[in-house]
Amino acid sequence: MTVTTMTRPTTASPSTTTAAAGAARRRAVLHWVAVHSVAVAAALFFLLPFVFVFLTSVMSDRQALTGDLWPHQWQWGNYLKVWQTPGFLGWWRNTLLYAGLGTLLTIVSSLPVAYALAKFRFRGRNLALMAVISMMMLPPQVTVIPMYLFWAKQLHLTGSLWPLIIPMAFGDAFSIFLLRQFLLTIPKEYVEAARIDGCGELRTLLRVILPMARPAVAAVALFQFFYCWNDYFGPQIYASENEGAWTLSYGLESFKGAHHTDWNLTMAATLLVMAPVIVLFFFAQKAFIEGVTLTGVKG
Amino acid sequence: MAVGSTAVPAALKRKHRRETARTLAFLSPWLIGFGFFFAYPLISTVYFSFMRYDGFTAPTFNGLKNWDYVFNHYPFFWQGLRNTLWLVVVMVALRVAFGLGIGLLITKLKTGVGFFRTAFYLPYLAPPVAATMAFAFLLNPGTGPVNHLLGDLGLPQPGWFTDPSWSKPALTMLAMWGIGDLMVIFMAALLDVPKEQYEAAELDGAGPWQKFRYVTYPNISPIVMFAVVTGVIQTMQYYTQAIVAGKVASGVIGGSGQQFEPGYPHGSTWTLPQMVYNLGFQRFDTGSACVAALVLFAISMAVTSLLLRRRSGFLSSED
């Protein structure tokens with residue numbers, strides 16, 4: 001308001017100034033109302049699906065077959081029923097193993113590669129970087145046939161998650177790329193100072209660079225954890241033949257098959273699969289948002 | 001180094017050799033991974049695309065028969081290509097436009113920014129299978145809340161995932177629900193636009209649209225381009241949501257061997273990556289599956305090279 005009056009230091013009488021200020025205030029209020037109405041409508045679009053899924057998940061079997069939106073009686077026992085479904089606990093264990101071990105191996109194997117790509121000078125560096133980006137963009141379906149034959153016929157490891165976990169010990173293209181993008185922002189003086197102090201490259205990486213790169217490492221770890229948690233194609237290819245090796249994302253689909261029209265139990269299971277990811281997000285919100293920004297803005 | 005090796009002192013040469021060894025050591029996990037999980041399977045895929053192989057008996061040379069089969073006789077090839085193209089055009093365009101709109105909206109908010117940002121971001125976190133199951137329920141024509149509400153408002157109630165002309169729009173809606181990644185990227189870009197440029201435009205009497213057109217857009221257009229290209233690449237790989245939606249809506253779900261109508265309903269959710277699975281793991285036609293994989297590879301690489309050319313910043317290095 002003060003800005004509008006200041007930019008117009010005309011000879012207007014006091015009464016017209018207050019009228020103008022009043023109009024500006026009204027416009028600002030209208031603008032506030034309009035913008036926030038749109039925001040509320042958008043929030044409904046984003047949040048109502050969760051609400052409906054939750055409301056159906058606590059309905060009785062009979063009511064879940066109707067088009068009702070609100071549960072008559074709240075059947076919290078549905079969650080217990082889902083939990084006691086044969087195999088459900090095993091899916092949890094498998095998913096945690098895949099996501100936990102996969103994330104750990106990815107970080108350990110990708111960090112040195114990213115460091116070399118960001119801080120070493122060598123011939124073929126740009127070529128290597130282009131190869132990383134090509135791998136990052138490669139749909140997993142392109143190489144799946146020979147890989148499946150290899151894991152099935154040479155190592156007899158199909159029917160387990162190992163064909164998905166073991167490759168993560170050999171660098172993940174997306175993680176390498178993201179870590180490199182972040183490491184580029186660390187001034188090379190830090191590396192040089194460490195060298196002068198007589199640090200070996202590995203010591204420099206672990207003692208000097210890693211503490212500074214912690215937010216990026218956290219973001220990459222989260223991305224990789226989510227990737228494993230969400231992966232459907234991988235378990236479908238390698239684990240589908242052995243129900244004991246299924247993950248939550250793969251098992252969830254069969255849950256609907258076993259409980260044909262029981263939308264209440266299926267939706268309870270759906271929420272149980274979503275919950276850990278969302279809880280994890282609230283604990284690591286900052287790292288995650290920074291990571292998403294890193295994918296698009298830096299470079 | 002180009003002066004000739006005799007001019008280089010021995011110590012310098014040793015140092016150079018040590019540095020090469022160090023570089024190789026740091027790169028070694030990825031070098032093995034690149035060879036073993038990228039180069040080898042790619043070459044092997046090319047090899048198998050010329051072989052007749054069912055996975056059990058020994059492969060035999062088959063010439064171009066697999067290629068001829070996939071392009072001219074496999075009933076789902078062109079349909080898959082058409083569907084993927086539809087998704088690439090419509091889904092990517094709507095996702096980018098919607099993501100930009102939501103990003104703009106967030107920057108205009110004065111109250112409850114934290115709440116709205118989290119609310120808009122949350123669906124992006126939902127695992128794809130879970131999100132697809134949720135939408136299959138929300139949009140199911142019989143008892144789904146969406147058609148329930150549409151009915152209350154006296155609006156038509158589409159069959160969504162069970163109607164071939166509504167299944168792709170339903171998938172598009174699902175994709176727009178998970179807009180959180182784009183919102184964050186656009187928000188960061190929008191906050192970087194220099195304030196002075198807006199003030200200057202306001203002094204020139206620019207309206208909201210003109211400010212967007214002449215100040216905002218030129219500043220964020222590289223990010224828009226980035227969102228479009230990565231969106232195209234993601235959509236080329238569109239698999240999980242399409243296959244889960246088809247399975248749930250058709251009512252046929254289960255283990256590995258179970259067949260369901262490809263791309264239910266009427267092939268409308270059938271995408272390129274599903275062909276590799278269908279040919280290789282359901283029809284046990286390894287050769288043709290490799291042809292489909294190579295088609296997917298060629299298209300993905302073409303799009304990727306576009307990304308590398310448009311955003312040379314990708315390859316920028318500091319020293």
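Q: How do helix 3 (residues 77-108) of chain B and helix 8 (residues 180-191) of chain B pack?
A: At an angle of about 55°, with their axes 8 Å apart. Axes are lines fitted to C-alpha atoms, for helices over the stretch in contact, and angles run from 0 to 180 degrees between N-to-C directions. Helices (H or I, at least four residues) and strands (E, at least two) are DSSP runs, numbered from the N terminus.

Q: Where do the coordinates and numbers come from?
A: This is a predicted model, in which local features need pLDDT of at least 70 and side-chain atom pairs count only at pLDDT 80 or more, while totals for chains, interfaces and linings use all residues. Residues are numbered from 1 along each chain as its sequence is written, and chains are lettered from A and ligands numbered from 1 in the order in which they are written.

Q: Back to that pair in chain B: what are helix 3 and helix 8 to each other?
A: Helix 3 of chain B and helix 8 of chain B are therefore oblique to each other. Angles under 35 degrees count as roughly parallel, over 145 as roughly antiparallel, 65 to 115 as roughly perpendicular and the rest as oblique.

Q: Which residues meet there?
A: Helix 3 of chain B brings several, including R95(B), V96(B), G99(B) and L100(B). Among those they meet in helix 8 of chain B are L182(B), M183(B) and F186(B). The residues of this contact between helix 3 and helix 8 of chain B divide into 11 nonpolar, 3 polar and 1 charged. Ala, Val, Leu, Ile, Met, Phe, Trp, Tyr, Cys and Pro count as nonpolar, Asp, Glu, Lys and Arg as charged, and the others, Gly among them, as polar.

Q: What about helix 9 (residues 173-183) of chain A and helix 12 (residues 214-230) of chain A, at what angle do they pack?
A: At about 160°, with 10 Å between their axes. That makes helix 9 of chain A roughly antiparallel to helix 12 of chain A. On the helix 9 side of chain A the contact is made by S175(A), L178(A), L179(A) and F182(A), and on the helix 12 side by A216(A), V220(A) and Q224(A). By class, this contact of helix 9 with helix 12 of chain A has 5 nonpolar, 2 polar and no charged residues.

Q: Where is confidence lowest in chain A?
A: In helix 1 (residues 2-7) of chain A, at a mean of 40. It is highest in helix 8 (residues 162-165) of chain A, at 96. The score is pLDDT, the predictor's confidence in each residue, from 0 to 100. Chain A averages 87, and 90% of its residues score at least 70. Over residues 1-11 of chain A, pLDDT stays under 50. Where pLDDT is low, the predicted coordinates should not be read in detail.

Q: Which peptide bond is cis?
A: The one from Y264(B) to P265(B), with omega near -5°. P265(B) lies in the loop between helix 11 (240-250) and helix 12 (272-282) of chain B.

Q: And what is phi of H156(A)?
A: Near 50°, a positive value in a residue other than glycine. H156(A) lies in the loop between helix 7 (144-154) and helix 8 of chain A.

Definitions and conventions: Contact = placed C-beta atoms within 7 Å.
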